[in-house]
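Please read this briefing alongside the sequence and the coordinates.

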Protein chains: 2
Amino acid sequence: MKLTLALLFAAAAFAQGPIRGFSEEAAAKQRALEAKLLAVPDARRIEAHMKAMASEPHHAGSPASRKVAEYALSQLRAAGLEAKIETFEALLPYPKDRLLTMGKFTARLSEPNFAEDPDSSDKNQLPTYNAYSADGDVTAPVVYVNYGVPEDYEYLKKQGVDVRGKIVLARYGQSWRGVKPKVAAENGAIACLIYSDPKDDGYFRGDVYPAGAYRCEYGVQRGSVMDMSIHVGDPLSPGFASEPGGAKRLTLKEAKTLMPIPVMPISYGDAKPLLEAMTGPLAPENWRGALPIPYKLGPGTTPVRLKLTHDWGIRPVHNVIATIRGSVYPDEWVLYGNHHDAWVNGANDPISGTAAVLETARAFGELYKTGWRPQRTIVFALWDAEEFGLVGSTEWVEKYLPELKDKAVAYFNSDTNGKGVLGLGATPSLNLFLEQVARDSKDPASGDSVLNQMLKVQRPFQPGPLGSGSDYVGFVHHGGIAGVNFGFSGGTGGVYHSIYDSFAWYKRFSDGEFVYGKALAQVAAMSMARMSEAAIIPFEFTRAAATIRTYWSEVDKLAADKNVGLPNVLASLDKLDAAARQFEAQYATAKSGTREVYLTERALLLPEGLPGRPWYKYSVSAPGQYTGYGAKTIAGVRESLELGQRAQAVAQARIFAQVIENYAAAINAAAAKLKR
Amino acid sequence: MKLTLALLFAAAAFAQGPIRGFSEEAAAKQRALEAKLLAVPDARRIEAHMKAMASEPHHAGSPASRKVAEYALSQLRAAGLEAKIETFEALLPYPKDRLLTMGKFTARLSEPNFAEDPDSSDKNQLPTYNAYSADGDVTAPVVYVNYGVPEDYEYLKKQGVDVRGKIVLARYGQSWRGVKPKVAAENGAIACLIYSDPKDDGYFRGDVYPAGAYRCEYGVQRGSVMDMSIHVGDPLSPGFASEPGGAKRLTLKEAKTLMPIPVMPISYGDAKPLLEAMTGPLAPENWRGALPIPYKLGPGTTPVRLKLTHDWGIRPVHNVIATIRGSVYPDEWVLYGNHHDAWVNGANDPISGTAAVLETARAFGELYKTGWRPQRTIVFALWDAEEFGLVGSTEWVEKYLPELKDKAVAYFNSDTNGKGVLGLGATPSLNLFLEQVARDSKDPASGDSVLNQMLKVQRPFQPGPLGSGSDYVGFVHHGGIAGVNFGFSGGTGGVYHSIYDSFAWYKRFSDGEFVYGKALAQVAAMSMARMSEAAIIPFEFTRAAATIRTYWSEVDKLAADKNVGLPNVLASLDKLDAAARQFEAQYATAKSGTREVYLTERALLLPEGLPGRPWYKYSVSAPGQYTGYGAKTIAGVRESLELGQRAQAVAQARIFAQVIENYAAAINAAAAKLKR
């Protein structure tokens, strides 16, 4: 009885408050629609999708990846959607020779299979490697460089440890993996090994697989080391789509995002003998991991040989695209995507999210079958080759860029999904919209709202800025399309990009009942339905302005710390505030909006892009050149300051001020077109 | 040439500034005397002493300990001093049975010998054990309790992990070892194992012995677990001397400082299987050490058996006492001591310091041979059975207490000595005196003054309060005698209380050239000479008052944090300030002082001692009941607050205010007696 009351109360709590973009009357209708949509996603179906899609290793370019795409295609069609596979071609190198030796020691470079996990002995697993590493055969002493970020090299220099001509050994963590060999090469190293230290990703965190969820002795994190700070997608077709039989394509030499030195990921089992053989000064305390040895800077006494070759294959990339045409605004698109390729089986990364997308699509399909039609066009996308460098989504964005710039209202993205709190990154104008979605969504474990769970971790509600790491990059950073990245996660486990990211692992250690998979499908369905049905596109600019002002105040403080006088941006931010308030005043009495509302986001693009990397055009945030996935807000100014380029910082601030004025003007224009 | 100039400059720097207690004229004479004294100590002789005294295991009560005492006796006599051995008797239990098993695993409980270190295979090594552990044979699951301090048990309670009826496994560090089983027993544990985690004391710190200086896999820290918070010295003769054939002696049952549960120290090699067998929640991150396992709270699944018996032997304790009678003030004594007993060979602990004492004594002996006589009586003491619980020094203090209270001007103490900066703990009135000694002493590595080296680590100059851990305890905390504990140390290495604390280790990893041994002998010689020759005993009270006021302000803040209203002590501290200033005014024109100056220190004694432990009478600082060696300043008030005993805190504050007024009155009396 008590329970029932609590549930009723909870249910009531989820149906309260206004919905951005809807009148009170329309909101009531919308809630009825959402109730129908939210009733569809089914945990058992998500489990079945995972079983089907994660049953075999299905790295991009492989026949198995094509099979997964075809499975998704058939599921989407069965759900009643128009769906197709759109194939591109891209440079997806697979490894050939891999050898790492030191004296008599030969590194294992493979992950053992365990009886507890049948998938660990699957055929056709891609060996452990870093995609887009250079070929090479080098022999040199090893130096330990901690996480391999620029400050680590500064420390080594102070200690008199020279990395030039050496192989560096970096541990995973703190920076994205592709940044490590890049910085290593900048410092004169001739090769880079990256290992998972048990302190960050192993027994220090808990029992290791298969006893527990954490990375085992010979577990390896595969992954791309494409230089994604320049651009993402196929390295041979920057800025344009690499379609099958397409004539245009760079040579390997012309490509700008290939790593110039050999790079290989290794396990802590393989790293231990190298670290044990180190001499030189003891590493500082915060450099030391959890291996049972004294961590030293090196160099090691015995030279290490690293030999790597790759096949540099051009391979097919199969995106699956499904559409429900909008009945009122067919040329306004609401998109939701998740990649389907994996490094190996990828039950967690990405199938936990991919499976949820199929259920979101089915929810709309079920309504479609009853005759319901969305007002705006709804697009579902399952991307291929995300792991190699967001290749499938980027090629697609590049192919349809003019159309997307015209039509895309917002792009929703998910990736890995698990037990836990909803993680959110978003462009600033979606702040209020997302708070309402979280407010109206139910956390399956607590029965409380998703929002309240989020507020336990961070107050106030504030989605993070978007950096990199999944398929929203092309949309947001290249296309200036409003974007969201979401997924539930408790952040446990250490099977990332290994053969142990399997159904068996996921079932035991993550969302084994698939209730968070269902919750993600529901959050996504609600988001898309509100975006597609709103009378006025539910962007909100006062919070956006406040968010951008916060970012600016950080940059401004950084400039003050570095004694750099920046031009006045506050006046532009004041104009933005005024425009946002003006929009709200109009919105209060408006009945409907126009496409100008979502086109405001395009005004945030930098006409010339970021310094040295024109592909990245979004002014509010970008992946950091030396953090990788981590977002840098107002990156043009911030990174110029960080890198000590004062004149460039000043110039970028001037450009940013202009962008903000453009944004304010676009908001004013959108406000003026709101209809009473 | 440059070097010579630098040395001249350095030498000049060391002969500047006034010397407390000496007129300008007398200071010049004193510097000439000191130059002669400081020329005597010889690094090669210190090395020879270490070779002789650390050649065999010489734990207290053993024939080898007697031999070391006899060696010291012969050296002191050869130096021209009157010297004798004073023998006491005390409870010094040796281990009999030691067994630790878990299923098929039997702990090694012994330290391997290494070809690189001949002493590691010496005969007659005392096995690894904790002296004054209870006998017992218990079998129970093990719980991991981190450092085993009270907060650790609070955390376990919150996690629902019950230690009652369990064996706890604590790691060395943070609290003194004897506190760990005491807190364990208070929490209902039936036995306690203490291990050296490699994070704190092993490979995490650097290469392990014999490759490097740090504790190896099966290295063990022996040590006493006497409950020294109650009293130190022989457990069977609290407050009185335990002389051979003495009739008075408590039974084992009556003794208050024996540990009620079995306790045993183990290596990280032996601890690893126990920790690996743990289940239960993962330990929080700051509980995790550097073993290659996930640290869990436990309990372990397989019960562990610990069997311990001891012989409870009453054994002889041989102090070596040497004297040079004062020519002007024979009844004013300046003392300097260091223990000579060790857990095994003890090259570092204590012989590195003991050997230096012999050179300090020889310096005075050489002058004595020329006909020089000190004004005050100089006493050198080499104590026995320090390791068991400061037994030799404490029995001696208890035997001579009335005489010491009357005659002791100051007690200087050293213990382990090594490369590095001078560490200093002292009673507050010696602050200025010690700064001048450090100013006028040369650091052998840098050629700069010892003071400047100290100021690189901590500014301003401020000796720490005295807690426990060496033989000054009886003098300061029981006798109210001004005290100093000093020694050079770089704090490297991990052979503490193991068989690897050997000449070979010391030669390779510590002060292998014995220049810091020589420097300690010089610092001690200068200190004693100034104390023995000063026209006015060189105490200074304005700094003492400031130091005590700082301690009080900390206690006062603690009281405020705990919402306890304390009586007014500031008025008393103001009186102390006034007295200190009045003393300085008199001192400025005084020509000589009287014994009232050093007797001021007695005024700082608490008539009833500290709550629950009347043996400890010094009001300014005391070893903490739950820290062990670590000093608690104004312990009567501070610990009452920490333990939530509000009424007692108020009562203790009242008593402390009275003590401070007594101290001020004693200073006023001393000032009044200064002679022009």
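A residue is called buried if 20 or more other C-beta atoms lie within 10 Å of its own, exposed if 12 or fewer do, and partly exposed in between, with C-beta atoms placed from the backbone. This is a predicted model, in which local features need pLDDT of at least 70 and side-chain atom pairs count only at pLDDT 80 or more, while totals for chains, interfaces and linings use all residues. Residues are numbered from 1 along each chain as its sequence is written, and chains are lettered from A and ligands numbered from 1 in the order in which they are written.

**Backbone features**
- A:Leu109, in the loop between strand 3 (105-106) and strand 4 (130-131) of chain A, has a positive phi of about 55° although it is not a glycine; A:Leu109 counts as partly exposed because it has 19 C-beta neighbours inside 10 Å. Helices (H or I, at least four residues) and strands (E, at least two) are DSSP runs numbered from the N terminus.
- A:Gln174, another residue other than glycine, has a positive phi near 65° and is placed in the loop between strand 7 (167-171) and helix 6 (179-186) of chain A; with 18 C-beta neighbours inside 10 Å, A:Gln174 counts as partly exposed.
- A cis peptide bond with omega of about 5° joins A:Tyr209 to A:Pro210, and A:Pro210 lies in the loop between helix 7 (198-201) and strand 9 (223-224) of chain A.
- A cis peptide bond with omega of about 15° joins A:Asp349 to A:Pro350, and A:Pro350 is found in helix 9 (residues 347-369) of chain A.

**Helix packing**
- Helix 13 (residues 431-439) and helix 14 (residues 450-457) of chain A pack at about 110° with their axes 6 Å apart, the axes being lines fitted to C-alpha atoms over the stretch in contact and the angles running from 0 to 180 degrees between N-to-C directions.
- Helix 13 of chain A is therefore roughly perpendicular to helix 14 of chain A, a term for angles of 65 to 115 degrees, whereas those under 35 count as roughly parallel, those over 145 as roughly antiparallel and the rest as oblique.

**Chain pairing**
- Twelve residues of chain B are in contact with twelve residues of chain A, where contact requires C-beta atoms, placed from the backbone, to lie within 7 Å.
- Chain B superposes on chain A by a rotation of 180° with 0.0 Å of shift along its axis (RMSD 0.0 Å), using least squares on the C-alpha atoms of residues with pLDDT of at least 70 in both; the two copies are thus related as by a two-fold rotation axis.

Definitions and conventions
Contact = placed C-beta atoms within 7 Å.
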